Amino acid sequence: MSLARLPALLVLLLATLPGWALAQSGSQSLTVHFFDVGQGDAALVISPTGKTVLIDGGPPESRAHLERRLRDLVQGPLDLVILTHPHLDHLGGISNALRTVGARRFMDPGFDHPSEAYRDLLNVVGDEVGQVMKPLPDPNDPSSLLTIGLGDGAALTVLWPRVPEDPFLKGTRSDPNSNSIVAKLTYGKTAFLFTGDAEPDTEATLLRKNIDFTSTVLKVAHHGGRHSSTAAFLAAVKPQAAVISVGAKNDYGHPTAQVLERLRAQKAQVFRTDLDGEVVATSDGNVVSVRAERRGSNSLLVAGEVTSDAVARGPITRGTRKASTPRGRSAPSVSSDTDTRAPTQRGASEGRYISLKGSKVFHKASCKTLKRSKSERTEYASRGEAMRERRPAEDCHP
Ligand SMILES: [Zn+2]
Ligand SMILES: [Zn+2]
């Protein structure tokens, strides 16, 4: 596998889209803002060439703050919005950001979640965003990782999930959390690891893969919840600075003493948005300078220690998973993994979903409405896939 080839695929793809090359800052540095959004996550990446990626949008109550910060920092629409997973403390401000600031692309794990807020968000994505991306490996090279070039050598590599190569994790403490998008942002010798609300199962699955996890700055998983950030995972990441995005006096007891202790044992300098306010990390490719809104002018300088250029150390294999989940590769779709509605009761035709041209809804393949219409059809292999573009129809309730 050629290392240069992976990013090239997407760099090419993104470079051909209008506006992508817009330069927003002249300085050759990469900046990540970890916004102070209370109990939730929202981080903005500004690449050396001015490309912008918002990773999560905080809880609903911080949407005005998020909009303000985005208006301060971003000119024109965001280049990419990533929702790590469909929980409210990560998606609450995204719809508003899409409507007010705008975005060219949206990516989420594609893990279906039966909440009103997530469905509403998908509708807004359908109305406001030009391109919906999935964290799929290149079908021609399924042992690769999806890498998105951000200009001047900066790149974002998605480590998890990798459906359909690796099915979603199931039967974990929280399946939406476990299937959070985990992504590594690299720039020169420095790297940032974004973990969403990843669970120990995610970490264990990732650790079995040929991946270089070394990162200068770690966005600590799940607001410092005690199950995540296992010692084994932290030892692989070797973070020098760790950012915990967390609300003051939250009801969850985040961040937990256990995680703070494990970070201390790893000698990571901890920043917390509840105590430090917004945390801003700037990389020149060699050193990351981390400063916090409420810590005055003192910033922490940490040297990057990422030695290899590639995040993948070799072909990425499927992780071994719990015995309860079949490992067969019968269906190339994500159907059984994204669908939470009694899939066993479905007939063959009901496993498919169809929408009619010009319509905003989708139907079960067996729906009578479809039989009455001669319009052009789009077929979806799974409900999750259909949900990404359309709403369920009122007649057949797919
Ligand atoms: Zn969360
Ligand atoms: Zn969550």
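A donor, in these legends, is an N, O or S atom within 2.8 Å of the metal. The model shown is predicted.

**View 1. The zinc ion (ligand 1) and its protein donors.**
Four residues supply the protein donors of the zinc ion (ligand 1): Asp-89 through OD, His-90 through NE2, Asp-197 through OD and His-223 through NE2. They lie 2.1 Å from the ion. Four donors count as tetrahedral if all angles lie between 85 and 135 degrees. The 4 donor atoms around the zinc ion (ligand 1) subtend angles of 85 to 152 degrees, and the arrangement is therefore irregular. Along the chain, the donors follow the spacing D-H-x106-D-x25-H. Distant parts of the chain are linked here: Asp-89 belongs to helix H3 (residues 88–91), while Asp-197 sits in the loop between strand E10 (190–194) and helix H7 (200–207), 108 residues apart. A residue counts as buried under 20% relative accessible area. Asp-89 is buried because its relative accessible area is 18%. Asp-197, at 2% relative accessibility, is buried too.

**View 2. The zinc ion (ligand 2) and its coordinating residues.**
His-85 (NE2), His-87 (ND1), Asn-177 (OD1) and Asp-197 (OD) coordinate the zinc ion (ligand 2) at 2.2 to 2.3 Å. Angles among the 4 donor atoms run from 86 to 170 degrees, and the site is irregular. The donor spacing along the chain is H-x1-H-x89-N-x19-D. His-85 is in the loop between strand E4 (80–82) and H3, and Asn-177 is in helix H6 (residues 175–178), so the pair ties together parts that are 92 residues apart in sequence. Both His-85 and Asn-177 are buried.

**View 3. Asp-197 between the zinc ion (ligand 1) and the zinc ion (ligand 2).**
Which residue bridges the zinc ion (ligand 1) and the zinc ion (ligand 2)? Asp-197 does, coordinating both ions. The zinc ion (ligand 1) and the zinc ion (ligand 2) lie 3.6 Å apart.

**View 4. Helix H2 (residues 63–73) and its buried residues.**
Leu-66, Glu-67, Arg-69 and Leu-70 are buried in helix H2. Seen down the axis of H2, the buried residues fall within an arc of 165 degrees, so they line one face of the helix. An α-helix has 3.6 residues a turn, so residues three or four places apart point the same way. The buried residues of H2 pack against strand E1 (30–34), strand E2 (43–46), strand E3 (52–55) and helix H4 (94–100). On the face of H2 turned away from the buried side are the exposed residues Arg-68 and Asp-72.

Terms used: Residues are numbered from 1 along each chain as its sequence is written. Chains are lettered from A and ligands numbered from 1 in the order in which they are written. This is a predicted model: local features need pLDDT of at least 70, side-chain atom pairs count only at pLDDT 80 or more; totals for chains, interfaces and linings use all residues. Side-chain values use heavy atoms; hydrogens and water are left out. Donors are N, O and S atoms within 2.8 Å of the metal (3.2 Å for Na, K and Ca); water is not among the atoms, so sites may look incomplete. Four donors count as tetrahedral if all angles lie between 85 and 135 degrees; four count as square planar and six as octahedral if opposite donors are over 155 degrees apart and all others between 65 and 115; anything else is irregular. Helices (H or I, at least four residues) and strands (E, at least two) are DSSP runs, numbered from the N terminus. Buried means under 20% relative accessible area, exposed over 50%, partly exposed in between (1.4 Å probe, protein chains only). The arc is that of the directions from the helix axis to the C-beta atoms. Contact means heavy atoms within 4.5 Å.
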